[in-house]
Amino acid sequence: MIYFELPSGVIMYRHLWFLLLVLNPVINAQGKVSSPHLHKSVVFGKGGDTELKMNIAVPSGEGKFPLIILIHGGGWKGGSYEDSGMNTLMKRFAEKGYVGACIQYRLTATGARFPAQVEDCKCAVRFLVAQAGKYQIDTDRIGVFGGSAGGHLALMLGLTTKEDGLEGQGDLLPEYADKPSRVHAVVNLFGPSDLLQGNWEPAVEPLLVDFLGGPVSEKQDLAKKASPLTYLNAERNIPPILTFHGTKDNIVPYIHATKLHDALAKTKAEHKLITMEGDGHGWPGAKAEETFQATLKFFDQHLKTKP
């Protein structure tokens, strides 16, 4: 397992549960790995003065494919769209018939505050919709996957709409701004759902200060706006959501998963919480592969089955 060290000695899983995924490529029916077409460092937008980039893997073959957008973690402070674990996972999805895209977003280490990170993710969706022909994307079949801070951003993509004012203005071309940023399925690995929850480890609190531009106690309205739970109600068209969370997570406490699950239960949305009993902020080995297979099954069910 690979770790990512955060300020004040906090240790987070940077590559989550990807060690097994790196060692276990997908094999096709002929016993050979079907290599996707890779497009690296594709510029999709601009965040302030920063060019935003993504890596894209397109399956071999003709026709349109569903899309899975992958969002890295790192406390909104670290990580990269070039993360080797996420890119390996992107390729595994492509080998299973999905266009995969690992996307960049502005980090708090560069001074970017919420909602910049959400805006950048939404800009990435609009770009891929606008470029659907080039990358063989079925724009009615878009999923998003993220862990930790990436899980939070995945939830924000799934739960917010244009009316929430989080779209941003980073599109490469004016006509891209008219494209939808809607996604149709969400997989969330231990992402925070309620920034007002409290009960954070002292060493984690600086990450929230950097994200919000001040302590949660002084940024209550902004913390509410940045919380996925804020956007859950029965009137919204909420996509299916699958959550994985460890009961011993001391970075993002397990209560974030149960609060999300309970709130989703009050809506018409399809949702499932897979509790990782005794696990923390990530898990290695056989559990990692089981998580991938459950993720793949979820996306297959919701993105490959026509209504």
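Axes here are lines fitted to C-alpha atoms, for helices over the stretch in contact, and the angles between them run from 0 to 180 degrees between N-to-C directions. Helices (H or I, at least four residues) and strands (E, at least two) are DSSP runs, numbered from the N terminus. The model on screen is predicted, so local features need pLDDT of at least 70 and side-chain atom pairs count only at pLDDT 80 or more, whereas totals for chains, interfaces and linings use all residues. Residues are numbered from 1 along each chain as its sequence is written, and side-chain values use heavy atoms, with hydrogens and water left out.

**The whole chain**

Of its 307 residues, 56% are buried, where buried means under 20% relative accessible area, exposed means over 50% and partly exposed lies in between, with a 1.4 Å probe and protein chains only. Contact means heavy atoms within 4.5 Å, and among contacts between residues at least 6 apart in sequence, 77% join residues at least 24 apart.

**Helices α3 and α5**

Next select residues 116–130, which are helix α3, together with residues 149–159, which are helix α5. Their axes come within 10 Å and cross at roughly 60 degrees. Angles under 35 degrees count as roughly parallel, over 145 as roughly antiparallel, 65 to 115 as roughly perpendicular and the rest as oblique, and α3 and α5 are therefore oblique to each other. The crossing of α3 and α5 is right-handed, a term for the near helix being turned clockwise from the far one by less than a right angle, with anticlockwise giving left-handed. Show side chains to see Gln-117, Val-118, Cys-121, Lys-122 and Val-125 of α3 meeting Leu-153, Met-156 and Leu-157 of α5. By class, this contact has six nonpolar, one polar and one charged residues, where Ala, Val, Leu, Ile, Met, Phe, Trp, Tyr, Cys and Pro count as nonpolar, Asp, Glu, Lys and Arg as charged, and the others, Gly among them, as polar.

Stay on Lys-122: is it buried or exposed? Lys-122 is buried, because its relative accessible area is 0%. Not counting residues up to four places away in sequence, Lys-122 touches Leu-157, Thr-160, Thr-161, Leu-166, Glu-167 and Ser-181.

**Helices α2 and α9**

Move on to α2 (residues 84–95) and α9 (residues 286–303), whose axes come within 12 Å and cross at roughly 45 degrees. The crossing of α2 and α9 is right-handed. Leu-89, Arg-92 and Phe-93 of α2 make the contact with a set of α9 residues including Glu-289, Phe-292 and Phe-299.

**Aromatic rings**

Rings of Phe, Tyr and Trp (its six-membered ring) pair if their centres lie within 6.5 Å, and planes under 30 degrees apart count as stacked, over 60 as edge-to-face and the rest as tilted. By this rule the count comes to 10 aromatic pairs. In one of them, Phe-93 and Phe-299 are edge-to-face, at 6.0 Å centre to centre with 75 degrees between the planes. This pair links helix α2 to helix α9 across 206 residues, and both Phe-93 and Phe-299 are buried.

**Strand β10**

Finally, select Thr-275 in strand β10 (residues 271–276). Thr-275 counts as partly exposed because its relative accessibility is 32%. Leaving aside neighbours within four places in sequence, Thr-275 is in contact with His-245, Thr-247 and Tyr-254.
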